[in-house]
Amino acid sequence: MTITNYNHLKNKLDEIYMVNPNSFQYGWLTFLYKRTTSPLKYMPLLYIIPFSSVCAVCAYKIMGSLFIHMVTILQHGF
Amino acid sequence: MDFKVFFLNIAASFILVFKRTYFLIVSPYKTMRKISTDFDITQLVIIYTFVYAFFQVAHIYRPISNPPFFLFFMVVLNVFATSLFFYVISFAFGKRDIQFSTIFFTWSYTLIPTIIWFTTSFVLYFLIPPPRTMSFNGKLFSIVFTTFSLSLLLWKFILVYFSIRFSTKLDVARIVFIMLLYMSVLAPYIVWMYLSNIFRVPFL
């Protein structure tokens, strides 16, 4: 049991550390990068969907009827 | 008995594909990391069967489009060429221990948002056929559809980044550089596909 737990833990750690952590030349940039990207590792759609809806509404407000025509073209895209 | 094992393996791969699709939504980082440590031909066959099945069904309802096998071939060729591109560039960056199969496998899983978008667009084309109008319902649907499309696109970008990160083990700066290089090659290819009436929206 102990050996199984150890092997499981070892395999998990090998998997976690399979890539080196990202780091930039500047500490503040590394900090900014990690703060902005860490929410995207778990349930990114919680952030993506509100962001996309805001972008869609803004695009409609800016473009108006052109936005509707673009969606018509997009629907033919498949 | 061999048939029993064969079908059980296919069933297990089916379950894995759906399970990984779900967890690519919930926790894409851990799931893509797990995918990069694995390689299963059956899962690839399942994913590309979904791709071919979509083209086949879409061709029945839109016979003016290209033959489904040709479109399927273009998709597989594109995935293969993309994987080869990243493999060669990563090799040039000094990553000699990466495997082409890992890049191909993880990149194939990034097709899932594409499959979802094309399937949904196909269904909506018949449920709520275009053109959209300036009525309240038309505007509402346009905003919802754009939100849906943009969400899938951003999710796909996240999956693409994680795919390259875990299959090539490069850092973010090099990945951004490679992606810019890839987009510079991809852009004329997308334009060519559009002008040749192969894909109006690229199946990438």
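**Helical chains A and B and the interface between them**

Gln75(A) lies in helix H4 of chain A, where helices (H or I, at least four residues) and strands (E, at least two) are DSSP runs numbered from the N terminus. The structure is a predicted model, in which local features need pLDDT of at least 70 and side-chain atom pairs count only at pLDDT 80 or more, whereas totals for chains, interfaces and linings use all residues. Residues are numbered from 1 along each chain as its sequence is written, chains are lettered from A and ligands numbered from 1 in the order in which they are written, and side-chain values use heavy atoms, with hydrogens and water left out.

With a relative accessible area of 1%, Gln75(A) is buried; the term buried stands for under 20% relative accessible area, exposed for over 50%, and partly exposed for values in between (1.4 Å probe, protein chains only). Apart from its neighbours within four places in sequence, Gln75(A) is in contact with Leu124(B), Tyr125(B), Ile128(B), Pro130(B), Arg132(B), Phe141(B) and Phe145(B), contact meaning heavy atoms within 4.5 Å. One of these partners, Phe145(B), is also in contact with Ser121(B). Ser121(B) belongs to helix H6 of chain B, which covers residues 111-127. This serine is buried, at a relative accessible area of 2%. When neighbours within four places in sequence are left aside, Ser121(B) has contacts with Phe78(A) and Phe145(B).

The interface as a whole brings 35 residues of chain A into contact with 47 residues of chain B. About 3,700 Å² is buried between the two chains, and 71% of this lies on carbon and sulfur atoms; buried area is the accessible area (1.4 Å probe) that two parts lose on being put together, summed over both. On the side of chain A, the residues that lose the most area to chain B are Met18(A), Gln75(A) and Phe78(A), which together account for 22% of what that side buries.

Two salt bridges are counted between chain A and chain B, a salt bridge being a side-chain nitrogen of Lys or Arg within 4 Å of a carboxyl oxygen of Asp or Glu. Glu15(A) forms a salt bridge with Lys34(B), and the closest N and O atoms of this pair are 3.6 Å apart.

The elements of chain A that give two or more residues to the side touching chain B are helix H1 (2-16), helix H3 (45-63) and helix H4 (65-75). H3(A) gives the most, with ten residues. By class, this side of chain A has 23 nonpolar, nine polar and three charged residues. In this scheme Ala, Val, Leu, Ile, Met, Phe, Trp, Tyr, Cys and Pro count as nonpolar, Asp, Glu, Lys and Arg as charged, and the others, Gly among them, as polar.

Chain A has four helices and zero strands. Its radius of gyration is 22 Å, well over the 12 Å that the globule rule gives for 78 residues, so chain A is more spread out than a compact globule. The radius is taken over C-alpha atoms, and the rule is 2.2 Å times the number of residues to the power 0.38. The C-alpha trace of chain A spans about 65 × 35 × 20 Å along its principal axes. Of the 78 residues in chain A, 26% are buried.

Chain B contains eight helices and zero strands. For its 204 residues a compact globule would have a radius of gyration near 17 Å, and the 18 Å of chain B agrees with this. Buried residues make up 48% of the 204 in chain B. Among contacts in chain B between residues at least 6 apart in sequence, 74% join residues at least 24 apart.

Some backbone features were also recorded. The peptide bond from Pro130(B) to Pro131(B) is cis, with omega near 10°, and Pro131(B) is placed in the loop between H6 and helix H7 (136-168) of chain B. Met43(A), in the loop between helix H2 (27-37) and H3 of chain A, has a positive phi near 50° although it is not glycine. At 25% relative accessibility, Met43(A) is partly exposed. Asn197(B) likewise has a positive phi, near 55°, and is exposed at 59% relative accessible area.
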